[in-house]
Amino acid sequence: MFRNQYDTDVTTWSPAGRLFQVEYAMEAVKQGSAAIGLRSKTHVILASVNKANSELSSHQKKIFKVDDHIGVAIAGLTADGRVLSRYMRTECINYSYSYESPLPVGRLVVQLADKAQVCTQRSWKRPYGVGLLVGGLDESGAHLYYNCPSGNYFEYQAFAIGSRSQAAKTYLERKFETFRDSSRESLLKDALFALRETLQGEKLTSSNCTVAVVGVGEAFHTLDKETIQALINEFEIAGEDAPAEVPEEAGSDEPAAPEEGAAPADEGAAPMDI
């Protein structure tokens with residue numbers, strides 16, 4: 001993946017019209033631990049996989065509260081995500097002080113995308129090596145956005161980023177049509193199922209995942225370990241039935257494809273996969 005001639009500077013174009021430094025930053029997102037977002041008309045769920053560098057260390061925080069109505073889940077360089085979440089928090093405070101109302105989610109996402117885009121057009125800067133799933137609630141309803149290191153942003157009904165996220169995307173693509181009218185409990189159930197797909201055989205427990213919720217009448221907050229474990233135990237029976245039902249409807253070929261495509265991403269995981 002190294003190209004010595006055109007990847008020494010973020011402002012250097014290749015003859016094919018590509019900015020390799022920006023592509024490298026997007027690759028860092030793919031190597032980070034998985035993060036998932038889902039939304040209905042009234043709620044947004046953010047979930048992430050917790051990974052530690054070693055058995056002796058704790059995991060890095062992957063979900064950050066920005067305001068009572070907005071939160072983010074990150075994949076990639078955790079330090080970059082921490083800085084950007086602090087910037088978002090400052091913007092929310094300034095807007096609330098000036099206008100005495102919450103900052104609309106879409107406006108905050110545009111400001112974040114503009115900040116990321118500047119780093120693709122300055123030779124003395126580097127792109128942020130982190131992808132952010134921004135979930136929030138405002139007057140226009142629930143929103144889920146993905147902010148890319150390139151400065152692009154997209155709104156989704158459900159999305160997954162990070163290592164082995166393709167398996168979660170496959171699950172979400174099969175179920176996303178029901179998310180809009182789903183209840184809070186149904187969204188949590190689908191979030192845990194999708195998160196389990198990214199573990200590739202590892203058991204999902206409250207110690208290796210983080211789940212956060214924001215919704216109508218419910219400020220953004222992270223669920224404690226006891227609540228998450230209770231949800232996992234509650235859905236354990238459904239979890240045993242779900243894999244048996246899905247292949248019958250979708251065919252035996254579909255579940256195998258995400259597993260084969262997801263394995264190489266984990267093999268090339270960089271040290272920032274935390």
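A residue is called buried at under 20% relative accessible area, exposed at over 50%, and partly exposed in between, using a 1.4 Å probe and protein chains only. By that rule tyrosine 171, at 6% relative accessibility, counts as buried.

The structure is a predicted model, in which local features need pLDDT of at least 70, side-chain atom pairs count only at pLDDT 80 or more, and totals for chains, interfaces and linings use all residues. Residues are numbered from 1 along each chain as its sequence is written, and side-chain values use heavy atoms, with hydrogens and water left out.

The predictor's confidence in each residue is its pLDDT, on a scale from 0 to 100. The protein has a mean pLDDT of 86, with 85% of its residues at 70 or more. Over residues 237-273 the pLDDT stays under 50.

**Helix H2**

Helices (H or I, at least four residues) and strands (E, at least two) are DSSP runs, numbered from the N terminus. Helix H2 comprises the 22 residues 78-99. Its buried residues are Thr78, Asp80, Gly81, Leu84, Ser85, Met88, Cys92 and Tyr95. They lie on the same side of H2, because they cover an arc of only 145° around the axis, the arc being that of the directions from the helix axis to the C-beta atoms. The face turned away from this buried side carries the exposed residues Ile93, Tyr97 and Ser98. Just after H2, glutamate 100 takes a positive phi of about 55°.

**Aromatic rings**

Rings of Phe, Tyr and Trp (its six-membered ring) pair if their centres lie within 6.5 Å; planes under 30 degrees apart count as stacked, over 60 as edge-to-face and the rest as tilted. The structure holds six aromatic pairs. In one of them, tyrosine 171 and phenylalanine 193 have ring centres 6.2 Å apart and planes at 65°, so the pair is edge-to-face. This pair links distant parts of the chain, since its members are 22 residues apart, tyrosine 171 in helix H4 (residues 165-175) and phenylalanine 193 in helix H5 (residues 184-197). Elsewhere, Tyr146, Phe154, Tyr156 and Phe159 form one aromatic cluster.

**Arginine 184**

Helix H5 also contains arginine 184. Not counting residues up to four places away in sequence, arginine 184 touches (heavy atoms within 4.5 Å) His43, Val213, Glu218, His221 and Leu223.

| Residue | Relative accessibility | Class |
|---|---|---|
| Tyrosine 171 | 6% | buried |
| Phenylalanine 193 | 8% | buried |
| Arginine 184 | 22% | partly exposed |

How values were computed:
The expected span of a helix is 1.5 Å times one less than its number of residues.
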